[in-house]
Amino acid sequence: KLGIATESIPEGWYPHRLNAGTVLLTKQQQEKIILGTEIGSVSGGSILIYTLPITTAPKDWVAQKTHIDLGDVLIQESEWKIVHGNTVLHTVHYTPANTVRTEYIFTDDTIFVLSLSPFNKNEADFDTLVSDVARNIPE
């Protein structure tokens with residue numbers, strides 16, 4: 001249900017399935033991943049992709065989440081947009097480890113979350129991945 005085609009994975013990134021609903025992309029073909037640790041500490045950066053259920057409107061869901069306070073000083077950027085017909089919340093925020101860019105792609109019953117850590121403004125491949133996931137969400 002993650003909607004990620006192999007050809008959508010940016011060149012130089014490798015998928016590591018953490019569980020049935022979570023994939024971690026890293027720049028290492030083989031990565032020792034210790035669950036419960038700071039994902040951003042993975043060598044060379046990471047893209048964490050997972051899904052969440054949703055039963056409310058996107059803005060109502062965000063308002064209920066204390067970790068997504070769009071008025072918080074730790075949020076550098078936030079923008080609502082439409083990508084391939086899906087509502088998307090774009091955020092860039094500080095964490096203790098580094099700066100993270102997260103895209104929340106909303107469907108009627110699922111949120112696809114893609115987080116790039118550390119965030120690099122020149123990571124055009126991440127934009128392409130977000131677009132591909134939004135376009136290929138299974139019905």
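**Salt bridges and backbone geometry**

In this predicted model, Asp 127 and Arg 101 meet through their side chains in a salt bridge, with an N to O separation of 2.6 Å. Asp 127 belongs to helix 2 and Arg 101 to strand 6, so the pair ties together parts that lie 26 residues apart in sequence. Arg 101 is buried, at 7% relative accessibility, whereas Asp 127 is partly exposed, at 39%.

A salt bridge is also formed by Lys 81 and Glu 103, whose closest N and O atoms are 3.9 Å apart. Because Lys 81 lies in strand 4 and Glu 103 in strand 6 (residues 99–106), this pair ties together parts separated by 22 residues in sequence. Glu 103 is buried, with a relative accessible area of 0%, while Lys 81 is partly exposed at 27% relative accessibility. Lys 81, Arg 101, Glu 103 and Asp 127 are linked in a network of salt bridges.

The structure holds four salt bridges, one of which joins Asp 132 to Arg 135, with the closest N and O atoms 2.4 Å apart. Both residues lie in helix 2, three residues apart, or about one turn of the helix. Asp 132 is buried at 9% relative accessibility, and Arg 135 is partly exposed at 44%.

Most residues other than glycine have a negative phi, and most peptide bonds are trans. His 84, although not a glycine, has a positive phi of about 50°; this residue is located in the loop between strand 4 (75–83) and strand 5 (86–94) and is partly exposed, at 44% relative accessibility. Ser 117 and Pro 118 are joined by a cis peptide bond with an omega of about -10°. Pro 118 lies in the loop between strand 7 (110–117) and helix 2 (124–135).

Methods. Residues are numbered from 1 along each chain as its sequence is written. This is a predicted model: local features need pLDDT of at least 70, side-chain atom pairs count only at pLDDT 80 or more; totals for chains, interfaces and linings use all residues. Side-chain values use heavy atoms; hydrogens and water are left out. Helices (H or I, at least four residues) and strands (E, at least two) are DSSP runs, numbered from the N terminus. Buried means under 20% relative accessible area, exposed over 50%, partly exposed in between (1.4 Å probe, protein chains only).
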